[in-house]
Amino acid sequence: MQWFNTLDVWAQALLASLMMYAMTAFGALFVFFSKKINQTLLTALTGLAAGIMIAASFFSLLLPAIEHEGSVPAYITVTVGFALGGAFIVLSDLALSRSKLSFRAIGDKKNALLFLAVTLHNIPEGMSVGVAFAVSASATAASGGVLSAFLLAVGIAVQNFPEGMCVAFPLRAKGMSPLRSFLFSQGSGAIEIPACILGALAATAIGGVLPWALAFSAGAMIAVVCSELIPECFAGNKTVASAGLIAGFCLMMILDVALG
């Protein structure tokens with residue numbers, strides 16, 4: 001970890017984004033071995049990821065935005081930024097669901113919308129990690145800022161594992177070859193790499209935008225959790241989903257508070 005701390009912010013963001021992408025690809029890789037997913041395991045992982053991301057939205061994104069000293073009062077920054085982030089996801093979902101475009105290359109429209117929605121949601125997720133690394137390098141960051149950013153990346157990586165499955169398996173079930181299903185699924189996670197680097201560079205270069213970017217990322221992440229992860233995991237075993245969500249939140253909270 002000491003070596004990681006000495007890297008430039010963009011390099012830290014790059015390595016973190018590669019880890020997140022690798023977990024998407026790893027989840028998609030299972031499409032070569034089976035056409036079905038273990039639903040209990042998927043529910044537990046999705047609930048765990050939801051809990052981690054909810055906790056990370058506050059401890060790694062909103063809290064630093066609130067504590068950041070700027071010309072605009074913190075309550076305005078976090079409220080407007082958070083609302084804009086959530087609105088971005090909601091409006092993007094509406095635009096995709098009402099799209100009349102043809103999606104022959106990906107199969108039917110339902111699977112195409114799933115692929116596009118996951119890809120779109122990965123953009124603010126990647127940016128949130130980049131922004132978190134940027135705040136860790138700022139003068140006002142706590143000594144454990146890099147660790148908090150890394151833990152956020154780990155939380156998203158955990159979520160990306162079942163996400164890779166959730167994109168690959170429906171495509172495979174519709175008759176797409178295992179290779180094409182894998183390629184489409186891992187491609188949905190690849191967008192996080194440039195998004196993460198862009199978030200780190202932009203927040204570092206323009207210091208005044210940092211709290212806005214943190215709040216925006218938190219709002220987008222909460223919207224993704226509420227619109228995708230929570231409905232998905234609670235549609236299965238509610239007990240497993242609840243346990244996973246609580247465990248994920250507690251894990252992220254303990255690591256961030258105790259070690260950050």
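A218 is found in helix α9, which spans residues 210–234. Helices here are DSSP runs of H or I with at least four residues, strands are runs of E with at least two, and both are numbered from the N terminus. This is a predicted model, in which local features need pLDDT of at least 70, side-chain atom pairs count only at pLDDT 80 or more, and totals for chains, interfaces and linings use all residues. Residues are numbered from 1 along each chain as its sequence is written, and side-chain values use heavy atoms, with hydrogens and water left out.

Is A218 buried or exposed? A218 counts as buried, because its relative accessibility is 0%. Buried means under 20% relative accessible area, exposed means over 50%, and partly exposed lies in between, with a 1.4 Å probe and protein chains only. Which residues touch A218, leaving aside neighbours within four places in sequence? They are S57, L61, L62 and F82. Contact means heavy atoms within 4.5 Å. L84 is 134 residues from A218 along the chain, yet their C-alpha atoms are separated by 9.9 Å.

Now take G248. This residue sits in helix α10, residues 238–259. G248 counts as buried because its relative accessibility is 0%. Setting aside neighbours within four places in sequence, G248 is in contact with L48, G51 and I52. G248 and T46 are 202 residues apart in sequence, but 9.6 Å apart from C-alpha to C-alpha.

Step back to the whole protein. There are ten helices and zero strands. From the N terminus on, the elements run α-α-α-α-α-α-α-α-α-α. The protein has 260 residues, and 50% of them count as buried. Consider contacts between residues at least 6 apart in sequence: 85% of these join residues at least 24 apart. The accessible surface comes to about 11,800 Å², and 72% of that belongs to carbon and sulfur atoms. Such areas come from the Shrake-Rupley method with a 1.4 Å probe; for residues, only the protein chains shown count as cover.

Next, look at how helices pack. Two packed helices are described by the angle between their axes and the distance between the axes. Axes are lines fitted to C-alpha atoms, for helices over the stretch in contact, and angles run from 0 to 180 degrees between N-to-C directions.

Start with helix α2 (residues 9–29) and helix α7 (residues 178–190). Their axes come within 8 Å and cross at roughly 160°. That makes α2 roughly antiparallel to α7. Angles over 145 degrees count as roughly antiparallel, under 35 as roughly parallel, 65 to 115 as roughly perpendicular, and the rest as oblique. The crossing of α2 past α7 is right-handed. A crossing is right-handed if the near helix is turned clockwise from the far one by less than a right angle, and left-handed if anticlockwise. On the α2 side, the contact is made by Y21, T24, A25, A28 and L29; on the α7 side, by F182, S185, Q186, S188, G189 and A190. By class, six of these residues are nonpolar, five are polar and none is charged. Ala, Val, Leu, Ile, Met, Phe, Trp, Tyr, Cys and Pro count as nonpolar, Asp, Glu, Lys and Arg as charged, and the others, Gly among them, as polar.

A190 lies in helix α7. With 28% relative accessibility, A190 counts as partly exposed. A190 and T119 are 71 residues apart along the chain, and their C-alpha atoms are separated by 8.5 Å.

Helix α2 also meets helix α8 (residues 192–205). The axes of α2 and α8 come within 8 Å and cross at roughly 155°. The two helices are therefore roughly antiparallel to each other. Again, α2 passes α8 in a right-handed crossing. The contact residues include W10, L14 and L18 of α2, and I193, I197 and L201 of α8. The contact of α2 with α8 has twelve nonpolar, two polar and one charged residue.
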